[in-house]
Structures are given as structure tokens and as C-alpha cells.
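Keep the structure open as you read.

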Amino acid sequence: MNAAAITRQSKSNLALAFVSLGRERKRDITIFYAFCRVVDDIADSAELSVIEKRVRLANWRQMLRAGAPDEPLLARDVRQLMHKYSLPPDMLEEIIAGVEMDLSIARYPTFKELRVYCYRVASAVGLVSIEIFGYRNPRCREYAIDLGLALQMTNIIRDVWKDFQAGRIYLPQEDLARFHYSEADLAKRQYNEHFLQLMQFEASRAREFFSRAAAELPPEDRRAMAPAEIMRSIYRALLRRIELDNFRVFEKEYRLSKLEKAGRIATQLLKSF
């Protein structure tokens, strides 16, 4: 399957954001996104053992640096992309390290430790993406880091119950203790004041990252960062919806409609010109 097909199949908000790009950058970001999708799918696969997952991810690490017999076409395309934008292998290996954390870590004692995971699976993606989008002000890197943290925290809030069913709790253990909400409470889907306070705390953390990202975006790079701003708008609206509905994540799967997303894309495109 080629990069474009992988991106189409994912039905991701990120894929929608590419609409603002010219043909060449759209092709390039599609290749990068396909790489992210493939390594994430390896880590999440229900068919592969942990050992098989580690082997496949190790193979991708090697393919970032050199060709391999019978490698997928995508691997060659990714290396060409790295050469074109002067991306060191370490930048993409950070993403592999992030998805690999899910193979051995199911709980995070502190937010400091969770932040490492969020940085690798989201901020690192943003740092590569802005190289493809093109920017002039180095402050864009801080923008990409904080936006990535905001997006991933929103995902964690939205997917609390789904992640628990998969055996993972991303909410820091120190936060559960702070608000007197136990893992046993989560297992029983206890929806009470403790849960609401916990989720409000996590949402405030996500909002802070969204605000920091907005403040860090250099005006001269606003047009180039239109795809990232589309993501910020969509996810900020998603977080707001969850908050206004009092975090009913045990019984609902929150998302924006296609029409709502289209409206936000149009708004951001107008702002960028």
C-alpha cells in the first residue's frame, strides 16, 4: 500500500489538515504521515507478539538509515524525504521510541514521565511536520512541541475508557492519587465528583498547552503553519465539547462532524491568507 492509500485509510484529522498544502508539500507530508501510521499500527497490532513488534520496529530504525532487501516502497520514500529536508534519523527514531513505549509501559507514575511519551508520539511528529511545511522563525519549534502535547493530552482525555480496556492508563498515577480516584474506580467506570475534578485538571493542562502554542506561533509563519493550526482548531473544539459535556467518556465517543471540521478548516484557511 502506498503512502496516499495509507493516509486515506486512516481517516485522521491530520489527513484533513493537508488540504491547505501545495501539491509537493502535500505529497511529502503524506509520506511522513504514512510512516507514522505504519509504526503506530505495528505497536497497536493485535495479531503480532511483543517480540514481533519489537523486531518490526527495529527493522524500521535500520531502514531509516539504509536500504534493506525486500523493504517496502515507503521506506525508500521516507529516506528520500529525510534527504530532501535534511532530517536526521534521530528525529524519526524518536517517534518509533514513542510507540515502542506502549509495548512495555502501561502506567505513568508522574506527568513528567507521561510528558516524555507525549513528546515522542506527538511533539516529535510536529517537529518533523514543520520542517516539511517550511518556516522562518525558530520559535516554530516551541510551537510544534506545545501543540503536540496539547493534542496528545486531548487524545488521552477522550480515550480514557478505551485505553483502560486495552490495559493502559495514561492519566498519571500522581493525579489519580491527588483527586482520590483509584484504578478500581476506573475499572468500575465510577463517574463521580472525584472523576470530574481529575478530568478538569487534565483538561486545564491541555488548555495550557494549547494557549502556549497559540502564543508561540510567529506571525510570519502563520500561513506555513495552516495545517497545524487546523489541527489546533479541531482538537481545541473537541476538548471544549468534552468539557461542556462533563467528560462523559465512559458512555460517549466524542468527535466533530465532517461539517464542523470543514467549517474549522475553512476558517483557518481564511485566517492564513
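The largest nonpolar core holds 92 residues. Such a core is a set of buried Ala, Val, Leu, Ile, Met, Phe, Trp, Tyr and Cys residues joined through side-chain atoms within 4.5 Å. Buried means under 20% relative accessible area, exposed means over 50%, and partly exposed lies in between (1.4 Å probe, protein chains only). Phe 32, Phe 35, Trp 60, Leu 92 and Leu 114 have the most contacts inside this core. Helix H7 (residues 111-133) gives the most to it, with 13 residues. Helices (H or I, at least four residues) and strands (E, at least two) are DSSP runs, numbered from the N terminus. In soluble globular proteins, nonpolar side chains tend to be buried together.

A word on the model: it is predicted, local features need pLDDT of at least 70, and side-chain atom pairs count only at pLDDT 80 or more, while totals for chains, interfaces and linings use all residues. Residues are numbered from 1 along each chain as its sequence is written, and side-chain values use heavy atoms, with hydrogens and water left out.

Now find Leu 114. Leaving aside residues up to four places away in sequence, Leu 114 touches Tyr 108, Met 153, Ile 156, Tyr 170 and Pro 172. Contact here means heavy atoms within 4.5 Å.

Two of those neighbours, Tyr 108 and Tyr 170, also pair with each other. The whole structure has twelve aromatic pairs. Rings of Phe, Tyr and Trp (its six-membered ring) pair if their centres lie within 6.5 Å; planes under 30 degrees apart count as stacked, over 60 as edge-to-face and the rest as tilted. The ring centres of Tyr 108 and Tyr 170 are 6.1 Å apart and the planes meet at 20°, so this pair is stacked. Tyr 108 is in the loop between H6 and H7, and Tyr 170 is in the loop between H9 and H10, so the pair ties together parts 62 residues apart in sequence. Both tyrosines are buried. Elsewhere, Trp 161, Phe 164, Tyr 181, Tyr 191, Phe 195 and Phe 250 form one aromatic cluster.

Tyr 170 also touches a charged residue, Asp 163. Asp 163 sits in helix H9 (residues 160-165). A salt bridge needs a side-chain nitrogen of Lys or Arg within 4 Å of a carboxyl oxygen of Asp or Glu.

Arg 168 does form a salt bridge with Asp 102, with the closest N and O atoms 3.7 Å apart. Arg 168 lies in the loop between H9 and helix H10 (173-178), and Asp 102 in the loop between helix H6 (89-101) and H7, so the pair ties together parts 66 residues apart in sequence. Both residues are buried.

The whole structure has 28 salt bridges. Another joins Arg 207 and Glu 243 (2.3 Å, N to O). Arg 207 is in helix H12 (residues 193-216) and Glu 243 in helix H13 (residues 226-244), so this pair links parts 36 residues apart in sequence. Glu 243 also bridges to Arg 236, at 4.0 Å.

Finally, how many disulfides are there? The count is zero. A disulfide is a pair of cysteine sulfur atoms within 2.5 Å. The sulfur of Cys 36 is 15 Å from its closest cysteine sulfur, in Cys 118, so the two are too far apart for a bond.
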